[in-house]
Amino acid sequence: MKIELIELVEIRLPLVRPFRTSCASDTERHTFLLRVVTDAAEGWAEFGGDPEPLYSAEFAVGAERVLLDHLVPRVTALHRPSAARIAAALSPVKGHHMAKALLETAILDAECRAHAMPLATYLGAVRDRVPAGVSVGITDTIAELLESVSGYLEQGYVRIKLKIEPGWDVEPVRAVRREFGDELALQVDANTAYSLTDAEHLRGLDEFGLVQIEQPLGEDDLRGHIELAKLLRTPICLDESIRSAREAAAAIALGACRIINIKPSRVGGYLEARRIHDICAAHGIPVWCGGMLETGIGRAQNLALAALPGFVLPSDISASSRYYAEDLTDAFELDNGCLSVPDGPGSGVTVRPAALGRYAVSTRKLYKRGSTR
Ligand code: SMG
Ligand code: MG
């Protein structure tokens, strides 16, 4: 496979409702797509980060810079670029997992398409449908929260995740439990908002039978999570703290978590995501696929991953309508609480030119074969 062109498409899609977490408040998805054209096929990927480094240290403009100056030149210099060779080629560059994931994913998509193979098949999927959870942002009032949860349950979502932060934790959880009953699969995500000194307060969540509490402490606070895990009955799930298979192995061995949220963008791509899945499976650690409010492009690829056998918990992969009035691909729809895993070549979805025309704000060439920068 020869790389002919690498292009970045900046997009801005309004969210159907604002999404507030302990770290950010979003009203739109402002990010970029990467399009890699090869002599065999074309591949697409979606940057997992945001314009501001509030969820992770990476952010859009920084990612564009590192792609242009450090990542793209290393990949285009490869004699035979293929997804499996990308991580090694990029390993001299420290960090920047989301930017690396973007490049590897677009090449993987192109490679799968060139072989007419669905990404799900390439990764080792064992199911055609994936149970859909939904992540519910912080709202101004509990009444608003209950209304929004009730709407999602009516649509058929099989698991509810509430975003929490100090001042918005025990009471909203209590209200949702009381309103929707003990059978509801319910979990919370703090996005690093607490510290170990909050352990006693967080124990107040134990009585609600939560499936998990996601990333209560800082992303670098592995020791804090180890201590907290000893104090809570609610299983701890790590998101931000796990950026590689090695970190997953360490967190499991040290008892810092009982569940892992795998986001391909956060861990440097689908191949590392699969390695984390394999390590977790070997240790009996359940995993599920996290989300970064992806458009249909990234969501299709996440569905392929979530179809692997170790993804035994519902993922943060919701229908298109949960995020956008109009998606960039054909809309993903909920069917009996599940989303279908695309079965066409590559991600199995294509960008709808008319939608891209409406939501793309700029396009920049990062590489063109034969021309110098
Ligand atoms: O894609 O449905 C989705 C959003 C899921 O809650 C979600 N993601 O920490 O897990 C998480 C957040 C990160 C994105 S908001 C900063
Ligand atoms: Mg999270």
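**Close-up views of a predicted model**

Val188 is found in strand E7, which spans residues 186–189. This is a predicted model, where local features need pLDDT of at least 70, side-chain atom pairs count only at pLDDT 80 or more, and totals for chains, interfaces and linings use all residues. Residues are numbered from 1 along each chain as its sequence is written, chains are lettered from A and ligands numbered from 1 in the order in which they are written, and side-chain values use heavy atoms, with hydrogens and water left out.

**View 1. Val188 sits in a strand and is buried.** Helices (H or I, at least four residues) and strands (E, at least two) are DSSP runs, numbered from the N terminus. With a relative accessible area of 0%, Val188 counts as buried; that word means under 20% relative accessible area, while exposed means over 50% and partly exposed is in between (1.4 Å probe, protein chains only). Now look for Val136: it is 52 residues from Val188 in sequence, but the two C-alpha atoms are 9.3 Å apart in space.

**View 2. Three side chains hold on to the magnesium ion (ligand 2) as donors.** Meet Asp189 (OD), Glu214 (OE) and Asp239 (OD), lying 2.1 to 2.3 Å from the ion. Donors here are N, O and S atoms within 2.8 Å of the metal (3.2 Å for Na, K and Ca), and sites may look incomplete, as water is not among the atoms. Along the chain, the donors follow the spacing D-x24-E-x24-D. Glu214 lies in strand E8 (residues 213–214) and Asp239 in the loop between strand E9 (236–238) and helix H9 (245–254), so this pair ties together parts that are 25 residues apart in sequence. Both Glu214 and Asp239 are buried.

**View 3. Ligand 1 is surrounded by 16 residues.** The closest are Ser135, Lys161, Asn191, Leu293 and Tyr323; a residue counts as near if one of its heavy atoms lies within 4 Å. Check out the oxygen atoms of ligand 1: a polar side-chain atom of Ser135 lies 2.7 Å from one, and a polar side-chain atom of Lys161 lies 3.0 Å from an oxygen atom too.

**View 4. Leu293 and His96 each have a positive phi.** Most residues other than glycine have a negative phi. For Leu293, phi is near 55°, and this residue lies in the loop between strand E11 (287–289) and helix H11 (296–306). Leu293 is buried, at 11% relative accessible area. His96 also has a phi near 55°, and its place is the loop between helix H2 (83–90) and helix H3 (97–114). At 32% relative accessible area, His96 is partly exposed.

**View 5. Cysteines, but zero disulfides.** A disulfide is a pair of cysteine sulfur atoms within 2.5 Å. For Cys112, the closest cysteine sulfur is in Cys289, 16 Å away, so that is too far for a bond. Cys280 has its closest cysteine sulfur in Cys257, at 7.1 Å, and that is too far for a bond as well. Cys112 is buried at 3% relative accessibility, and Cys280 is buried at 0%.

Notes
A polar contact is a pair of N or O atoms within 3.5 Å; within protein, one must be able to donate a hydrogen and the other to accept it, and residues adjacent in sequence count only if both atoms are side-chain atoms.
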